[in-house]
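Here's a quick tour for anyone meeting this structure for the first time. Take a look at it, then read on.

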Amino acid sequence: MFSTLVRRTAQQSPPYVYTNPYKARKLWPPDFTKISPKHQFRLERKYKTRAKLKWARPRWTKAVKIVQMGSIVFVAVYGVLFLDWNSQGSPDNQPFHGVCCQNGAIESLC
């Protein structure tokens, strides 16, 4: 029963290309051999702009930026405040000793 319904609806509806009420004013893509280089450049620029707008992913870009900045800040804060520089580098020359132990912030590292 369902297969006959599907088959009937597929046979009855003509393709949308032929029934589209909004006809194109110009043939696309134009023949680039017949138009001037200036007009070619305009069309290419218009196409590039439309393609950028179509394929832009603002949420994805924002999420990637937030993750990148978060990881950079995490590594920097961890390296400055929590990394044990006595075992990693020379104990005499600790790179962030003034920042870590300022005002007794982290007593165990001083």
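Let's begin with a nonpolar surface patch of about 820 Å², made by Met-69, Ile-72, Val-73, Phe-74, Val-75, Val-77, Tyr-78 and Phe-82. Patches here are built from residues with over 30% relative accessible area and no salt bridge; nonpolar side chains (Val, Leu, Ile, Met, Phe, Trp, Tyr) are joined within 5 Å, like charges within 9 Å. The areas come from the Shrake-Rupley method with a 1.4 Å probe, and for residues only the protein chains shown count as cover.

Phe-82 counts as partly exposed because its relative accessibility is 48% (buried is under 20%, exposed over 50%, partly exposed in between, with a 1.4 Å probe and protein chains only).

This is a predicted model, where local features need pLDDT of at least 70, side-chain atom pairs count only at pLDDT 80 or more, and totals for chains, interfaces and linings use all residues. Residues are numbered from 1 along each chain as its sequence is written, and side-chain values use heavy atoms, leaving out hydrogens and water.

Phe-74 and Tyr-78 are four residues apart in helix α4, so about one helical turn separates them. Phe-74 is exposed at 57% relative accessible area, while Tyr-78 is partly exposed at 40%.

## Charges

Arg-25, Lys-26, Lys-46 and Arg-50 form a positive surface patch. Lys and Arg count as positive, Asp and Glu as negative, with His and the chain ends not counted; a charge is placed at NZ of Lys, CZ of Arg, CG of Asp or CD of Glu. Lys-26 is in the loop between α2 (16-19) and α3 (37-55), and is exposed at 68%.

There's also one salt bridge, meaning a side-chain nitrogen of Lys or Arg within 4 Å of a carboxyl oxygen of Asp or Glu. Lys-34 forms it with Asp-31, their closest N and O atoms being 3.9 Å apart.

## The whole protein

The protein has six helices and zero strands; these are DSSP runs numbered from the N terminus (helices H or I, at least four residues; strands E, at least two). Of its 110 residues, 7% are buried.
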